[in-house]
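This briefing goes through one protein model and its ligand. Please look over the sequence and the structure before reading on.

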Amino acid sequence: MPRFIATAVAALCLAGPAMANVYETIKIDAGKALFDVQCRRCHAVDSTDPSYGPPLENVLYRGAGTYPDYAYSTALSASGIVWTPAALRAWMEDNDGFMPGTKMRHVGIEDRTVQDFILAYLTSITTQDNRAIEGQD
Ligand code: HEC
């Protein structure tokens, strides 16, 4: 476990269970740090930044392959899936196995805690309700 996470968890234990919001903030901060290492070189989190992969702001519950004007592979754009937390986990864990034939190089994040943190961060940069837009529940 990276030291900053261990420190954060230790701080949390001292703070006690009333600090749920602090815990959420720590998860998001840890997720951002992990995202910067694992994903940021290809993914912007702000569509005004240049990005090799599709920008990931508002990715939660977005239809796969639907970011406007991004040149997706057919595999991704024809997949018909929605980026639920479970789908994002499966993608982080083994994107090639989950969906063969996309343009994204393999990432293999098997540690569920790391997935949790990155997911918390991706949730924090999702500010629109894609479920309402996509008509799903
Ligand atoms: C080496 C570059 C690279 C890295 C590193 C990378 N990605 Fe990607 N990612 C891409 C590319 C390119 C695509 C588009 C794939 C396609 O169209 O087939 C993509 C697509 C995606 C999509 C689909 C988005 C959509 O609009 O449907 C998600 C979600 C995603 N990546 C998440 C991540 C996460 C989370 C990480 C870090 C754990 C990560 N990626 C790391 C290059 C990368």
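Which residues in the largest nonpolar core touch the most other members? They are Trp83, Leu88, Phe117, Ile118, Leu119, Tyr121 and Leu122, out of 18 residues in that core. The model is predicted, and its protein chain has six helices and zero strands.

**The core**

- Helix 2 (20-38), helix 4 and helix 5 (112-124) are the elements that give two or more residues to this core.
- Helix 5 gives the most to this core, namely six residues.
- Leu122, one of the core members with the most such touches, touches Leu56, Val59, Leu60 and Leu88 when residues up to four places away in sequence are not counted.

**The ligand**

- The ligand is surrounded by 28 residues, and the closest are Cys39, Cys42, Gly53, Ser73 and Thr102.
- Two or more residues of this shell come from each of helix 3 (74-77) and helix 4 (85-98).
- Helix 4 gives the most to the shell, with three residues.
- Sorted by class, the shell around the ligand holds 19 nonpolar, six polar and three charged residues.

**The whole chain**

- Read from the N terminus, the elements follow the order α-α-α-α-α-α.
- The protein chain has 137 residues, and buried residues make up 18% of them.
- Of the contacts between residues at least 6 apart in sequence, 49% join residues at least 24 apart.

How values were computed:
Residues numbered from 1 in each chain as written. Predicted model: local features only at pLDDT ≥ 70, side-chain atom pairs only at ≥ 80, totals over all residues. Near = placed C-beta within 6 Å. Helix = DSSP H or I, 4+ residues; strand = E, 2+ residues; numbered from the N terminus. Nonpolar A, V, L, I, M, F, W, Y, C, P; charged D, E, K, R; others polar. Core = buried A, V, L, I, M, F, W, Y, C linked by C-beta atoms within 7 Å. Buried ≥ 20, exposed ≤ 12 C-beta atoms within 10 Å, placed from the backbone. Contact = placed C-beta atoms within 7 Å.
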